[in-house]
Amino acid sequence: MTMLSRVLGLVRDVVIANYFGASGSADAFFVAFKIPNFLRRLFAEGAFSQAFVPVLSEYQTQKDHDEVKRLVDRVAGTLGLILLAITVLAVLAAPVLTAVFAPGFYMDHTHKFDLASEMLRITFPYLLLISLTAFAGAILNTYGRFAVPAFTPVLLNVCLIGSAIFLSPLFDEPIVALAWGVLIAGVVQLIFQFPFLMHLKLLPKPVFGWQDEGVQRILKLMIPALFGVSVAQINLLLDTVLASFLQTGSVSWLYYSDRLTELPLGVFGIAISTVILPSLARKHASRSSKEFAHTLDWAVRMILLIALPSALALILLAEPLIITLFKYGALTERDVTMSAMSLQAYACGLLAFMLIKVLAPGYFSRQDMKTPVKIAVQAMVANMVFNLLLIWHFQHVGLAMATALSAFLNAAMLLRGLIREKVFVWQPGWGVLLIRLFLALAVLFAVITWLSPTVDVWMSGDVWQRAQHMLLVVVAGAVSYFAVLVLAGLRMRHIRA
């Protein structure tokens with residue numbers, strides 16, 4: 001379901017690139033969408049889920065259903081009221097928020113600033129709706145219903161694709177249709193969760209419960225978690241802030257390259273993270289330290305098996321991928337080159353991005369929020385230093401490079417802390433796994449280099465020729481990679497949790 005969501009997300013971005021390219025209006029929409037989307041990842045999928053799931057897992061393990069339902073009702077009421085207040089303030093102060101998150105738009109006094117502010121008023125309520133959707137998804141994940149929350153983002157992609165195709169001709173400023181598509185998607189995604197919550201008898205009846213013990217614990221855990229697992233999102237947003245000072249198109253180039261990096265990150269990194277968090281929380285609650293360490297080690301191995309070939313393929317196929325997926329309609333050849341450069345920089349950090357997703361739950365599942373905060377702050381400061389050092393010479397590519405470097409610093413410190421606390425323990429078989437990986441990656445490199453023609457050939461082909469050739473390269477690369485792993489002795493029993 002996660003893969004379906006990410007593939008449709010890619011289709012969505014192809015449609016947006018075809019209709020709007022990397023224009024000033026596209027830059028404005030990406031800022032208006034990125035602000036609530038960033039806060040959604042920070043509060044809903046980041047801090048809230050990491051704080052709520054361990055507490056809910058504890059209630060599920062140690063208390064009866066009525067206690068669990070009471071907690072769900074009070075969290076829903078408290079979270080909903082706080083988010084409603086934030087949403088009202090943000091809609092009223094949309095120009096101020098736009099100036100904060102895209103100061104380059106404000107200083108240039110261009111149409112982009114007014115357009116971004118207008119669309120932000122439409123898109124910001126998405127934060128309220130999608131946060132409540134994430135709340136519902138966290139409940140379903142805790143009870144082992146992973147498919148429904150994983151499928152839900154499909155509805156966002158469908159709404160945005162439909163808005164671009166059918167609604168955009170109805171507006172004087174066609175890009176505004178995408179803003180309305182975001183809002184419609186928020187409503188649809190929330191309502192979609194209701195029947196499944198009803199089946200669990202956990203559909204919330206919101207009650208404001210600020211003083212409830214469980215709510216207080218979640219709020220206390222949320223505060224440090226705001227900086228924990230979401231540091232990568234903060235870094236990406238800082239990229240947008242600085243990119244707003246650069247030439248027109250910079251925000252869009254970073255967006256398109258980030259979206260391609262998000263495909264393997266979302267399909268595998270976030271999916272594995274989503275599955276292991278409630279599992280780790282239950283194992284910690286039942287004091288199963290050996291199983292806890294085994295699950296973490298399994299997650300890291302799975303990340304290496306997927307992240308390394310994905311990163312290599314993105315680096316080698318950066319321009320062909322941008323050409324194949326986005327080079328239609330409004331996107332220019334210069335946009336392709338610029339987007340490919342930042343894609344290669346982001347791809348260098350893909351392993352770190354994915355490791356953060358599975359290492360951070362090692363802390364959150366034990367309700368340790370302080371350690372990831374310290375690490376996140378250090379990584380954020382490093383990111384800003386790298387940004388300032390690299391932006392002057394490398395422009396938007398420097399911003400992507402800085403994000404990758406700070407992600408490696410973040411992942412390394414998370415891993416070191418888990419090893420020092422003896423929470424992460426290396427399991428047998430790592431040496432053999434690394435040898436198998438090296439051989440498989442070498443063959444993957446050779447296959448991609450052999451099958452991929454020059455950029456001029458990719459440019460000259462029509463849509464079907466590009467798609468067929470890309471499919472050939474991707475399938476051949478994937479088959480050769482996994483075939484070498486199997487020939488080198490990797491079996492299903494080695495990658496089972």
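# Asp-297 and the overall fold

Student: Is Asp-297 buried or exposed?
Tutor: Asp-297 is buried, with a relative accessible area of 3% (buried is under 20%, exposed over 50%, partly exposed in between, with a 1.4 Å probe and protein chains only). The model is predicted, so local features need pLDDT of at least 70 and side-chain atom pairs count only at 80 or more, while totals for chains, interfaces and linings use all residues. Residues are numbered from 1 along each chain as its sequence is written, and side-chain values use heavy atoms, leaving out hydrogens and water.

Student: Which helix holds Asp-297?
Tutor: Asp-297 lies in helix α14, residues 289-316 (a DSSP run of H or I, at least four residues, numbered from the N terminus; strands are E, at least two).

Student: And which residues does Asp-297 touch, beyond its neighbours within four places in sequence?
Tutor: With those neighbours set aside, Asp-297 is in contact with Phe-424, Val-425, Trp-426, Gln-427 and Trp-430, where contact means heavy atoms within 4.5 Å.

Student: Switching topic, where is Leu-92, and is Leu-92 buried or exposed?
Tutor: Leu-92 is found in helix α3, residues 65-92, and Leu-92 is exposed, with a relative accessible area of 65%.

Student: How many helices and strands does the protein have?
Tutor: The protein has 23 helices and 0 strands. Its radius of gyration is 22 Å, close to the 23 Å that the globule rule gives for 497 residues, so the protein is as compact as a globular protein of that length (the radius is taken over C-alpha atoms; the rule is 2.2 Å times the number of residues to the power 0.38).

Student: What box do the C-alpha atoms fill?
Tutor: Along the principal axes, the C-alpha atoms of the protein fill a box of roughly 65 × 60 × 45 Å, and 59% of the 497 residues count as buried.
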